[in-house]
Each structure stands twice: as C-alpha cells, then as structure tokens.
Amino acid sequence: MGRRYRYVGPDDVRRAAGGGTGTGIRGVADLERWLADAEPGEPATFVVTLDGVLRLAPRRSEHVACAEGADVLAAGEMGFDGTDVSAVSNQSTGYCPDPDSWPAVAASLERAGIAHPGRYTDLITFRRCEHCGERNIVRDGDFTCAVCGGTLPEQWNFAGASGLGPAR
C-alpha cells in the first residue's frame, strides 16, 4: 500500500460535499455502466480507496464526496477514450496527492482490466506553505507560496495537515 492521503481542504467544502457520489469500478462492465450516464467527453473525478478500488464521480464532484470522506491512496481527474484511460492527473486540491501516488492508480486500473497510459499524463506538485498554511500548486519549479511569498519545501508535506491555516 502506498501513502495514505487524508482530506486537507476546507471544512466547509467537506460539509457541503455530502458523500456517496463515487461509484466503485471493479471491472470494465462497471466502467461501461458509469460512462453511459456520464457527460460525453467530460473527465471524471476519481479516488482510489484504501482497499485499492477506483471510484469515479462527475468532474464537478468534490473528491472528498467521491471518497465518502475517507482517506485515499490517490485522487485526481481521469479522461477516457472508450473504456481506455486516455488522460489522468493527480489534480485534487482536497487531497493534494503527490505524483508518487501513481502506482495505486495503475494497480486499481489493472485489477479492473482497464487500459491506461502507464503514468500520470499531467503531474501536479502540491506543497503546503509552512509559514501561512496555504495549499499551493508549484508551477514551473517555483517553490514560492502564492499567498505569503514564503519558500515552499522541496518534499511533499501534507502529512498531519488538516484543513487550511498555519502549520502547527
């Protein structure tokens, strides 16, 4: 099992998100049923549960709702070409997963018999500012907090973080 990611987004988003919007995908037939009701061409919100199951929800769903509020092994967005994954990212500002979460995604897809590109096609680097506590997306290798200008750490640092606010 890889790193466990807990929800680190705002509590008001968690409360407003509700739960149960995610559908477990254990095989291609599950994916076909989910895609039949999905918006054509629209990427999906996804999480990988602690027991390694891929869960999908409409893109406008919160990851925390897709995960039913639980910790996850991975989270992001996923696009499809038929039943093959054509694009996949770790874009989730609620869980801020590191790119090293890919093996959990690959394993869940392989168990379900779903073809995939073998890597995240779009990588997001998240860091929490240790000065102001804000979640940041690192762009172009610039490890500077977009809120306070503080230096962001080189290593993923959301373990122990809960919601927004100054580091404790």
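What follows is a chat about a predicted model, taking up its sheet, the helices against it, its salt bridges and its cysteines.

User: Which strands make up the sheet, and what is their order?

Analyst: In this predicted model, the sheet is an open one of 5 strands, with the order β1-β3-β2-β4-β5 and antiparallel pairing. The strands β1 and β5 stand at the edges with a single partner strand each, so one side of each has no neighbour in the sheet. From one strand to the next, the twist averages 40°.

User: How many bridges join β2 to β4?

Analyst: There are 6 bridges joining β2 to β4, and the two strands run antiparallel.

User: How many of the residues in β4 are buried?

Analyst: β4 is mostly covered, since 9 of its 10 residues are buried.

User: OK, helices now. Which strands does α4 touch?

Analyst: Helix α4 packs on the sheet and touches β1, β2, β3, β4 and β5, while its direction makes about 60° with that of β4. Its buried residues, in a helix that covers residues 102–112, are W102, A104, V105, A106, S108, L109 and A112.

User: What covers those buried residues?

Analyst: The cover over the buried residues of α4 includes the strands β1 (23–25), β2 (44–49), β3 (54–58), β4 (72–81) and β5 (84–89), and it also includes helix α2 (28–37).

User: What comes just after α4?

Analyst: Just after α4 comes G113, which takes a positive phi of about 75°.

User: What about α2, which strands does that one touch?

Analyst: Helix α2 also packs on the sheet, where it touches β1, β2, β3 and β4, and its direction makes about 140° with that of β1.

User: Changing topic: what is the count of salt bridges?

Analyst: The count comes to 9 salt bridges. As background, side chains of opposite charge can pair when their charged atoms come close.

User: Is R33 buried or exposed?

Analyst: R33 counts as exposed, because its relative accessibility is 53%.

User: Which residue does D11 form a salt bridge with?

Analyst: D11 forms a salt bridge with R14, and the closest N and O atoms are 3.8 Å apart.

User: Why are those two about one helical turn apart?

Analyst: D11 and R14 are separated by about one helical turn because they are 3 residues apart in helix α1 (residues 11–17). In general, an α-helix has 3.6 residues a turn, so residues three or four places apart point the same way. Both ends of this pair are partly exposed, with a relative accessible area of 40% for D11 and a relative accessibility of 30% for R14.

User: Which salt bridge links distant parts of the chain?

Analyst: Look at R59 and E77, whose side chains meet in a salt bridge with 3.1 Å from N to O. This pair links distant parts of the chain, with R59 in the loop between β3 and α3 (63–66) and E77 in strand β4, 18 residues apart. R59 is partly exposed, with a relative accessible area of 36%.

User: Which residues are linked in a network of salt bridges?

Analyst: The network of salt bridges links R3, D98, D100 and R127.

User: Last topic: how many disulfides are there?

Analyst: The count comes to 0 disulfides. C132 is in no disulfide, and the nearest cysteine sulfur, that of C145, is 3.7 Å away. C132 is partly exposed, with a relative accessible area of 23%.

Methods
Residues numbered from 1 in each chain as written. Predicted model: local features only at pLDDT ≥ 70, side-chain atom pairs only at ≥ 80, totals over all residues. Heavy atoms only, no water. Buried < 20%, exposed > 50% of the residue type's maximum accessible area, 1.4 Å probe, protein only. Helix = DSSP H or I, 4+ residues; strand = E, 2+ residues; numbered from the N terminus. Contact = heavy atoms within 4.5 Å. Salt bridge = Lys/Arg side-chain N within 4 Å of Asp/Glu carboxyl O. Disulfide = S-S within 2.5 Å. Pairing = 2+ DSSP bridges. Axes fitted to C-alpha atoms, helices over the stretch in contact; angles between N-to-C directions.
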